[in-house]
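The sequence and structure are shown below.

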Amino acid sequence: MTTEAHFYQAHVFVCQNERPVGHERGCCNTKGATKLRNYMKVRAKELGLPMTRINTAGCLDRCELGPVMVIYPEGTWYRYETMEDVDAILNDHLVGGKVVERLRLSLDQ
């Protein structure tokens, strides 16, 4: 185990993949992912989460379930649809350290 400092305590990868209109798998971007990611970045700053990085990701391969994100170091996957969902993830998971079960994706999804 290393004692070196880390840049971030949490790294959030938010899918922003865009597929052609009508694609059979769909895509996170057409389901509001960009608007919700932008909201998440603003709220993370407002909540004072300086050790949290919200990043745009390419396809996370859960297109049918989107929009989706994954939070590391835990590797917790979420599906979210609203600003209220984003708030729950920020407040409960990133501030409070508790997984938001109603939004969590299981490994078989």
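The model is a predicted one. Threonine 76 is placed in strand 4. Leaving out residues up to four places away in sequence, threonine 76 touches Met69, Val70, Ile71, His93, Val99 and Arg104.

One of these partners, His93, belongs to helix 2, which spans residues 83-95. Because its relative accessibility is 5%, histidine 93 also counts as buried. Its side chain makes a polar contact of 3.1 Å with the side chain of glutamate 74. With residues up to four places away in sequence not counted, histidine 93 touches Ile71, Glu74, Thr76, Tyr78, Ala88, Lys98, Val99 and Val100.

Isoleucine 71 is a contact of both threonine 76 and histidine 93. Beyond its neighbours within four places in sequence, isoleucine 71 contacts Ala10, His11, Val12, Thr76, Tyr78, Ile89, His93 and Leu94.

Ile71 also has a place in the largest nonpolar core, which holds 28 residues; Val12, Met40, Met69, Ile71, Tyr80 and Ile89 touch the most other members. Two or more residues of this core come from each of strand 1 (10-15), helix 1 (33-46), strand 2 (52-57), strand 3 (68-72), strand 4 (76-79) and helix 2. Helix 2 makes the greatest contribution, with five residues. In soluble globular proteins, nonpolar side chains tend to be buried together.

| Pocket | Volume | Lining residues by class |
|---|---|---|
| Largest | about 200 Å³ | five nonpolar, two polar, three charged |

The largest pocket is lined by Tyr8, Lys41, Ala44, Lys45, Gly48, Leu49, Pro50, Thr52, Arg53 and Ile54. Helix 1 and strand 2 are the elements that give two or more residues to this lining.

The lining of the second largest pocket consists of Gln9, Ala10, Gly48, Leu49, Pro50, Met51, Thr52, Glu74, His93, Leu94 and Gly97. Glu74 and His93, both in this lining, are the residues whose side chains form the 3.1 Å polar contact.

Notes: Residues numbered from 1 in each chain as written. Predicted model: local features only at pLDDT ≥ 70, side-chain atom pairs only at ≥ 80, totals over all residues. Heavy atoms only, no water. Helix = DSSP H or I, 4+ residues; strand = E, 2+ residues; numbered from the N terminus. Buried < 20%, exposed > 50% of the residue type's maximum accessible area, 1.4 Å probe, protein only. Polar contact = N/O pair within 3.5 Å; in protein donor to acceptor, adjacent residues only side chain to side chain. Contact = heavy atoms within 4.5 Å. Core = buried A, V, L, I, M, F, W, Y, C linked by side-chain atoms within 4.5 Å. 1 Å grid on protein atoms, 1.4 Å probe; cavity = no way out; pocket = protein on both sides within 12 Å on 5 of 7 lines; lining within 4 Å. Points joined across faces, edges and corners; volume = space filled by probe spheres on them. Nonpolar A, V, L, I, M, F, W, Y, C, P; charged D, E, K, R; others polar.
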